[in-house]
Every structure is written in structure tokens, then in C-alpha cells.
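Visitor: I am new to reading protein structures. Can you take me through one, feature by feature?
Guide: Gladly. Here it is.

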Amino acid sequence: MKAVRYHDFGGPEVLRCEDVERPTPGAGQVRIQVTATSFNGIDAALRAGRLQGSLPLRLP
């Protein structure tokens with residue numbers, strides 16, 4: 001499946017369209033199909049690494 005991910009903090013230039021394995025749900029989990037998404041200002045702040053102190057993020 002396709003996924004847009006980033007492996008480093010930065011601006012839009014760090015976004016990469018990648019082929020990734022389709023996740024397999026475990027016991028008590030489900031997999032959903034996403035047909036739409038949205039973008040908020042906090043998404044750009046997370047990607048830029050500006051919120052690491054209050055919202056630590058582990059990159060793929």
C-alpha cells in the first residue's frame with residue numbers, strides 16, 4: 001500500500017511517498033480503510049519538530 005511518511009524533521013521536502021506493507025491487525029484490533037484525511041497546523045509543527053518537548057514523536 002502507499003503511505004506518505006517522513007523520517008526526519010523538517011518542512012514539506014521531508015515527505016516521502018512510499019510503498020509499505022499492509023498492517024495485519026492483532027487480537028482485539030481492527031484494520032480500517034481510510035478514504036480521506038485532513039491537515040491541521042499542528043501537523044506541520046509536529047513534522048518540523050517544534051513540539052518534541054511536549055509531544056514526543058517517534059519517526060518511522
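Visitor: Is aspartate 19 buried or exposed, and why?
Guide: Keep in mind that this is a predicted model. To judge exposure, look at relative accessible area: over 50% is exposed, under 20% is buried. Aspartate 19 has a relative accessible area of 60%, so aspartate 19 is exposed.

Visitor: Which residue does the side chain of aspartate 19 meet in a salt bridge?
Guide: A salt bridge pairs a side-chain nitrogen of Lys or Arg with a carboxyl oxygen of Asp or Glu. Here the partner is lysine 2, at 2.9 Å from N to O. The two sit 17 residues apart, with aspartate 19 in strand β2 and lysine 2 in strand β1, so look for distant parts of the chain being linked. Lysine 2 is exposed as well, because its relative accessibility is 59%.

Visitor: How many salt bridges does the structure hold?
Guide: Two. The other one joins the side chains of arginine 5 and glutamate 18, at 2.7 Å. This pair also links distant parts of the chain: arginine 5 lies in strand β1 and glutamate 18 in strand β2, 13 residues apart.

Visitor: Are these two residues buried, exposed or partly exposed?
Guide: Check each value. Arginine 5 is at 29%, so arginine 5 is partly exposed. Glutamate 18 is at 18%, so glutamate 18 is buried.

Visitor: What is glutamate 18 in contact with, beyond its neighbours in sequence?
Guide: Skip the residues within four places, then list the rest. That leaves Met1, Lys2, Ala3, Arg5 and His7. With the side chain of histidine 7, glutamate 18 makes a side-chain polar contact of 2.7 Å. Alanine 3 is 15 residues away in sequence, but the C-alpha atoms are 5.3 Å apart in space.

Visitor: Which residues make the nonpolar surface patch?
Guide: Look for nonpolar side chains grouped on the surface. Val30, Ile32 and Val34 make a patch of about 360 Å². Take valine 34: this residue lies in the loop between β2 and α1. Valine 34 counts as exposed because its relative accessibility is 60%.

Visitor: Now step back. In what order do the elements run?
Guide: Read from the N terminus: β-β-α. The radius of gyration is 14 Å, well over the 10 Å that the globule rule gives for 60 residues, so the chain is more spread out than a compact globule. Its C-alpha trace spans about 35 × 25 × 20 Å along the principal axes.

Visitor: What share of the residues counts as buried?
Guide: Of the 60 residues, 18%.

Technical notes:
Residues are numbered from 1 along each chain as its sequence is written. This is a predicted model: local features need pLDDT of at least 70, side-chain atom pairs count only at pLDDT 80 or more; totals for chains, interfaces and linings use all residues. Side-chain values use heavy atoms; hydrogens and water are left out. Patches are made of residues with over 30% relative accessible area and no salt bridge: like charges are joined within 9 Å, nonpolar side chains (Val, Leu, Ile, Met, Phe, Trp, Tyr) within 5 Å. Accessible areas come from the Shrake-Rupley method with a 1.4 Å probe; for residues, only the protein chains shown count as cover. A salt bridge is a side-chain nitrogen of Lys or Arg within 4 Å of a carboxyl oxygen of Asp or Glu. Helices (H or I, at least four residues) and strands (E, at least two) are DSSP runs, numbered from the N terminus. Buried means under 20% relative accessible area, exposed over 50%, partly exposed in between (1.4 Å probe, protein chains only). Contact means heavy atoms within 4.5 Å. A polar contact is a pair of N or O atoms within 3.5 Å; within protein, one must be able to donate a hydrogen and the other to accept it, and residues adjacent in sequence count only if both atoms are side-chain atoms. The radius of gyration is taken over C-alpha atoms; the globule rule is 2.2 Å times the number of residues to the power 0.38.
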